[in-house]
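Me: Pick one part of this model and give me a close look at it. Keep the answer connected, and spell out your cut-offs as you go.

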Amino acid sequence: MSGFVDCHCHLAASDFLTDIDAVIEQAKKAGLLALVAVAEHSGEFERLIELSERYSRFVLPCLGVHPVQGNLPQEQRAATLQDLQTALPLIERYKEHLLAIGEVGLDFTPRFASTEAQKNEQRKVFIEQIEIAKRLDLPLNVHSRSAGRPTINLLKEQGAKKVLLHAFDGKPSVAMEGVKAGFFFSIPPSIVRSEQKQKLVKQLPLEFICLETDSPALGPEKQMRNEPKNISISCQYIAQIKGLSVENVMEVTTRNACKLFPKLQKLIHL
């Protein structure tokens, strides 16, 4: 299985507004078979669907309400049920197009969720989206900043089955609870500068690892725009940590992506 799958990227981000064609072309040249593109809020949904139609069978869309809402840093806040209510009609409208529900989850960073009420509201938004994923028989593409254990516990309590925990920032021992539940973990290029991600990869079995870029964030260098073409950086670093060949890591992580996202195997040209 020759080629990469970027299991989590933000192609609808404003960073890609002016040169998306070039970004996609570079991704294809870098050996990518598919880009799993996530949304953060309903304002991105139409753009993401349009991109998935323009780059059919290559950009594969996920719609969901991220636990942090607001584009500008000073406007950012915890998600509310009202945010979800705004998004629901669009998720319903585009459900046949979706590879997964995402990006969803919990973010207990103190400036977004300093009170129990804010955390509970995030939980409610997350639970409703887990229910949507179950009803539509779709996987979940999950965010869990400063909330690794609560996120994994909630997913298990709610009976979620096909789950990707992207850029997991928790302890390896907590991640292993996710592995026991059959959840996958995707690793971004920022692993080259993150001791936490390096420790995580050391512990995680390769059979539960996928690749991601989280473009335009989490690149190999801070403050520089990340792109899907950088997926090979994640692959090479995982291979180095695990003492495996790059080809082996590429093959297993792509196979894992196909297990996680059942529609993927039918869509990508293997």
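Reply: Let's start with Thr213, which is buried, its relative accessible area being 0% (buried means under 20%, exposed over 50%, partly exposed in between, using a 1.4 Å probe and protein chains only). Before going on: this is a predicted model, where local features need pLDDT of at least 70 and side-chain atom pairs count only at pLDDT 80 or more, while totals for chains, interfaces and linings use all residues. Residues are numbered from 1 along each chain as its sequence is written, and side-chain values use heavy atoms, with hydrogens and water left out.

Thr213 sits in the loop that runs between strand E10 (209-211) and helix H8 (231-242); helices (H or I, at least four residues) and strands (E, at least two) are DSSP runs, numbered from the N terminus. Its side chain makes polar contacts with the side chains of Asp6, at 2.5 Å, and Ser215, at 2.6 Å. A polar contact is a pair of N or O atoms within 3.5 Å; within protein, one must be able to donate a hydrogen and the other to accept it, and residues adjacent in sequence count only if both atoms are side-chain atoms. Leaving out residues up to four places away in sequence, Thr213 touches Asp6, His8, Pro188 and Ile231, among others, where contact means heavy atoms within 4.5 Å.

Strand E1 (residues 4-9) holds His8 and also Val5. Val5 is 208 residues from Thr213 along the chain, yet their C-alpha atoms are separated by 9.8 Å. Val5 is buried at 2%, and the residues it touches include Leu211, Ile231, Thr254 and Ala257. Thr254 and Ala257 are both among the buried residues of helix H9.

Glu103 lies in strand E6 (residues 100-107) and is buried at 1%. A second polar contact, of 3.0 Å, links the side chains of Glu103 and His143. Among the other residues that Glu103 touches are His10, Glu40 and His66.

An unreviewed UniProt entry lists His8, His10, Glu103 and Asp214 under "binding site". (UniProt positions are in the numbering used here, feature names are shortened, and annotations may be inferred rather than shown by experiment.) These residues are spread over 207 residues of sequence but cluster in space, with a largest C-alpha distance of 10.8 Å. Of them, His10, Glu103 and Asp214 are included in the lining of the largest pocket. On a 1 Å grid over the protein atoms alone, a pocket is an open set of points where a 1.4 Å probe fits, with protein on both sides within 12 Å along at least five of seven lines; lining residues have an atom within 4 Å of a point.

The largest pocket has a volume of about 1000 Å³, a volume being the space filled by probe spheres set on the points, with grid points joined across faces, edges and corners. It is lined by 35 residues, the closest to its centre being His10, Glu40, His66, Gln76 and Ala217. Strand E7 gives the most to this lining, with 3 residues.
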